[in-house]
Amino acid sequence: MLAGRSASVLRTAYSLLSNNFAALLLLAILGAIIGVLHQGGPTLMGQQMRNAITLGAIYALIAIGYTMVYGIIELINFAHGDVFTLSGFYAFLIADHFGLNALATGSGGGLVLALAIIFPISMVLAGFTGVLIERVAYRRLRDAPRLAPLITAIGVSFLIEGFMLLFFGPDNVATHQASWITGQAFRLGAVSVGWTDVFVVTMALVLMFALGAFVTRTRLGKAMRSTAQDRQAALICGININRTISTTFFIGSALAAAGAIIYSVNYGDLKWNLGFHVGIIAFTAAVLGGIGNIVGAGVGGFLIGLIYVFGGSLAGGEWSESLIFAVLVLILTFRPVGLFGVEVATRS
């Protein structure tokens, strides 16, 4: 009888935690923000909020790539984080080849022109990289047991990392793009917000809203949604499944490239294994928001940024990634579909 009563209590506690997971998570984040406010005052809290929003914008762009691919073919593309890093190196080589560093730092017009060159070229190269990965590594495994494409994705990730290690070396590579955008945009009390911060958040939001408009208003976007809901039904309706899936990989990889450029402009360097660390955190953001849900991935990115910065500020910077992984475990335990996710079979 005692065992039955304990099991009943555990089931009730699990149900309460599952049903109120979002509220509890937001309360925990709010508590961390208040803790930083008490620890360092409003100035530190404001600075950390700025850092969290900036970092969250980058995670959001990467998380959208994870969630788009999963929404279409139910594959966790673990190579996506490495495509992010490779795209950053694309941008680095393009800037070096075209002399964009001098152009961007010379004048405001030069900066706009440099960005107008580096963004589309890097995003297109990254997009074609994503399409190539899908065509070579994943297409023939669509109907295979789920373990096969998962192992393949990990193998592709190691392959890209090995290439970057061989070509760019084991050390940090300075991209010199951190000097492109400088200066203070405005102040909020004692907190200084730089033009770099404004650029990062604005670009991320513009790209996310543009993606949302593409998915909901264009014919190809509707084909992507149809394929995500029921691939066989979409095929019967005449939708080109191969083209739709390739487009999904192209867009997801292109967004990763945009995130890499933004990262490079904000932090100024890249490393061959950066995609592993950033990719796992962005994957957690996608799971938190609801894997397969584009809006959820964006929101999850900003929430993970808050958890990473404020949790690390309280517990110590060395604990930031551990907190993210703890959140991942809690999500998978109590809210596997995420904050905005629904079951795959009923997703629209």
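Trainee: Hi! Which residue follows α3, and what is its phi like?
Mentor: Hi! That's Gly99, and its phi is positive, near 65 degrees. Bear in mind that this is a predicted model.

Trainee: Thanks. How many residues does α3 have, and how far does α3 reach?
Mentor: α3 has 19 residues. From its first C-alpha to its last, α3 reaches 27 Å, close to the 27 Å expected at 1.5 Å a residue.

Trainee: And is α3 mostly covered or mostly uncovered?
Mentor: Mostly covered: 14 of its 19 residues are buried.

Trainee: Let's talk rings. How many aromatic pairs are there in the whole structure?
Mentor: A search of the whole structure turns up twelve aromatic pairs. One of them is Phe84 with Tyr263, an edge-to-face pair with 5.9 Å centre to centre and 80 degrees between the planes.

Trainee: Where do Phe84 and Tyr263 sit in the chain?
Mentor: Phe84 is in helix α3 (residues 80–98) and Tyr263 is in helix α10 (residues 241–267). The two are 179 residues apart, and the pair links distant parts of the chain.

Trainee: Are Phe84 and Tyr263 buried or exposed?
Mentor: Both Phe84 and Tyr263 are buried.

Trainee: Now Phe89 and Phe168: why does that pair count as stacked?
Mentor: The ring centres of Phe89 and Phe168 are 3.8 Å apart and the planes are at 10 degrees, so the pair is stacked. Phe89 lies in helix α3 and Phe168 in helix α6 (residues 147–168), so this pair ties together parts 79 residues apart in sequence.

Trainee: How buried are those two?
Mentor: Phe89 counts as buried at 0% relative accessibility, and Phe168 is buried too, with a relative accessible area of 16%.

Trainee: Which residues do ring pairs link into a cluster?
Mentor: Phe89, Phe163, Phe167 and Phe168.

Trainee: Last topic: at what angle do α2 and α7 pack?
Mentor: Helix α2 (residues 21–73) and helix α7 (residues 195–217) pack at an angle of about 30 degrees, and their axes are 9 Å apart. That makes α2 roughly parallel to α7.

Trainee: Is the crossing of α2 and α7 left-handed or right-handed, and which residues make the contact?
Mentor: The crossing is left-handed. On the α2 side the contact residues include Arg50, Ile53, Ala57 and Met68. From α7, those making the contact include Asp197, Val200, Ala204 and Leu211.

Conventions
Residues are numbered from 1 along each chain as its sequence is written. This is a predicted model: local features need pLDDT of at least 70, side-chain atom pairs count only at pLDDT 80 or more; totals for chains, interfaces and linings use all residues. Side-chain values use heavy atoms; hydrogens and water are left out. Rings of Phe, Tyr and Trp (its six-membered ring) pair if their centres lie within 6.5 Å; planes under 30 degrees apart count as stacked, over 60 as edge-to-face and the rest as tilted. Helices (H or I, at least four residues) and strands (E, at least two) are DSSP runs, numbered from the N terminus. Buried means under 20% relative accessible area, exposed over 50%, partly exposed in between (1.4 Å probe, protein chains only). The expected span of a helix is 1.5 Å times one less than its number of residues. Axes are lines fitted to C-alpha atoms, for helices over the stretch in contact, and angles run from 0 to 180 degrees between N-to-C directions. Angles under 35 degrees count as roughly parallel, over 145 as roughly antiparallel, 65 to 115 as roughly perpendicular and the rest as oblique. A crossing is left-handed if the near helix is turned anticlockwise from the far one by less than a right angle, and right-handed if clockwise. Contact means heavy atoms within 4.5 Å.
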